[in-house]
Amino acid sequence: MLTTDSVTKIYNQNLPNQVVAVKDASINVNEGEVVVLQGPSGSGKTTLLSMIGCQTKPNRGEVVINKSRVSKLPDRFLNVFKRDNIGFIFQNYQLIPDLSVIDNIMLPMLPSGIPYKERISRAEALMHQFDLMKRRTFDVRNLSGGEQQRVAIARAMVNQGKIILADEPTAHLDTKLTGEFLEMISDLKKNQYTVVISSHDNEIINHPVVNKVYHMKDGKVVS
Amino acid sequence: MILNTWILGLLIGQITIFTVISFSAIHAFRIHLSWNYASSDEGQYRLENKTYLVAALMKFVMFVHLFLFALTALALDEIAPLIIGAMCPVGVLASNDFGFPFLYLKIALVFIFSTWLMLNHIDNKMDNYPLVRLKYLYLVLFYPLIIIETVLFFLFLLNLDPMVITSCCGTVFNEANTDVTGTISSIPNIVILPVLFGLTLFLLVTRFETIKNRINRVFGGIFEAAIWICYFIFSLLSVLSFISIYIYEMPTHRCPFCFLQKEYSFIGFPLYFFLFLATTTGFNRGLLELVKWEDNLATTIETFQSKLHKVSIISMIGFLLTGFLPFIFYYFRTGRLI
């Protein structure tokens, strides 16, 4: 489903401030699995997640998703692939505070040229699923942390990609909200979503929903 | 050498083209030699990133080249009063041995650049860079022409001598002149116009598919490209021998540059724009037949060829309308021919 084969990412290559963020990292994620990239700050989790999410290309090595060598795809194909297959949940959710809940959820569908009625229909279905209908027209800045989290997950799912990548999703959450987040991840797993989470939160790492944990240190996958 | 702001502009433009193409050619050579799409090593990723840079630079070069083309005509017109006997760009070009070769090469380069851009466009439509090696080899191969163009340009400028007496366009394109230009001008309209309209009709009614399917697709493609080059040549001949005299309303005035001026409502710009657009798109539509190496590529090329066909036909009609309207207006106004 998703593999990285000896991927290396070097920032500012051949410059005095060169940083080897990820070095020869190989991971394998099967369909419907929940996998965690665990490690301290600066260990390369987010960079590896960015390469899996087609946000950045490796300097060497390969990322293969659904048999597509995505790290070799030209940029214009990569954008379409990313849009159709991958949903992102960011550390601070990266929602647009002045837009309503429904507008935030519908936003990733705009570049795909999906008709308005279809966009509304998909967004409403997700709002039902995540119990957000009563907040439909609220500006996102007026929502609680838990509600914002649900909006972020709904937005990640709206393009119907079966891969969800989450970068430190519980970094700013209390125990209760972390628990809610993990329940939602369990639901995703039941629906055959493949989830890759970067985190150093033990509550996530030790949760039964997680199939595999890759430990990272100094850019390398150590176990 | 005559140095004024126009010439300085041309110099900067030409040096820019030369520098950017030289840089691109070095990278093109490396890409052609080392490209291996199957590899995921560092060098290959670097080459993949470089392809974006070189493609962007080539688009820039094409734009500057076309801009310089127009600028050259205007600049030569500006400096014509400084050259004894010259009354327009033709006189300046004829004032030394390098002017016309420089112009001919500049025209050829429009076609050469356009082919590179078409290859690049098709390559970008594919997800596995199937034309990368070819398009960069092509760039490397035509790079010497850029060197020759730059050398000719400098020789032309360095040999512009205000003390040398040159000829005006009326003499250069006079039927009595024994030079190439005079010989061209002596071809009668009764030959040029039927050939031009014959080619037009041929291009309008055929899409070359029959030839490509029945004989050979590569032969059909080359034949199509050759027909469009013939169309370009006969269009220029018709400009010199027929279209120009109705724009100027003078039987002896056959200059292909003067009608770029305000006095003639800048009619030369749309005329040449349509001519170059029609012929470059038509020419490349034929040439693209040569690179249908795999099924996916062939499908993408066919879709693009269909668009090119529409553009070339519409532009051809645009050229004919722009070129022959002055004749129609003249005839209906005066009831006679020149």
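What you have on screen is a predicted model, in which local features need pLDDT of at least 70 and side-chain atom pairs count only at pLDDT 80 or more, whereas totals for chains, interfaces and linings use all residues. Residues are numbered from 1 along each chain as its sequence is written, while chains are lettered from A and ligands numbered from 1 in the order in which they are written.

The helices themselves are DSSP runs (H or I, at least four residues; for strands, E, at least two), numbered from the N terminus. α2(B) passes α4(B) in a left-handed crossing, meaning that the near helix is turned anticlockwise from the far one by less than a right angle, with clockwise giving a right-handed one. Among the contact residues are Met58(B), Met62(B) and Phe69(B) of α2(B), together with Leu109(B), Phe113(B) and Trp116(B) of α4(B), where contact requires C-beta atoms, placed from the backbone, to lie within 7 Å. By class this contact has ten nonpolar, two polar and two charged residues; Ala, Val, Leu, Ile, Met, Phe, Trp, Tyr, Cys and Pro count as nonpolar, Asp, Glu, Lys and Arg as charged, and the others, Gly among them, as polar.

Both helices also matter when we turn to the domains of chain B. The assignment gives domain 1 (1-167) and domain 2 (169-338), with bounds that come from an automatic or database domain assignment, and the centres of the two domains, taken over C-alpha atoms, are 23 Å apart. In this chain, 21 residues of domain 1 are in contact with 22 residues of domain 2. On the domain 1 side, the elements giving two or more residues are α2 (42-79), α3 (89-93) and α4 (99-125) of chain B, and α4(B) gives the most, with eight residues. That side has 14 nonpolar, five polar and two charged residues.

Further along chain B, the axes of α11 (residues 268-287) and α12 (residues 295-334) come within 7 Å and cross at roughly 150°, which makes α11(B) roughly antiparallel to α12(B). Their crossing is left-handed, and the contact has ten nonpolar, ten polar and one charged residues.

In chain A, α5 (residues 145-157) and α6 (residues 175-190) pack at an angle of about 25°, with axes 10 Å apart, so α5(A) is roughly parallel to α6(A). This crossing is right-handed, and the contact is made by Gly145(A), Gly146(A), Gln149(A) and Ile153(A) of α5(A) with Leu177(A), Glu180(A), Phe181(A) and Met184(A) of α6(A).

A word on confidence in chain A, since pLDDT is the predictor's confidence in each residue, from 0 to 100. Chain A averages 89, with 100% of the residues scoring at least 70; among its elements, α6(A) has the lowest mean (85) and helix α3 (residues 101-106) the highest (94).

Technical notes:
Two residues are in contact if their C-beta atoms, placed from the backbone, lie within 7 Å. Axes are lines fitted to C-alpha atoms, for helices over the stretch in contact, and angles run from 0 to 180 degrees between N-to-C directions. Angles under 35 degrees count as roughly parallel, over 145 as roughly antiparallel, 65 to 115 as roughly perpendicular and the rest as oblique.
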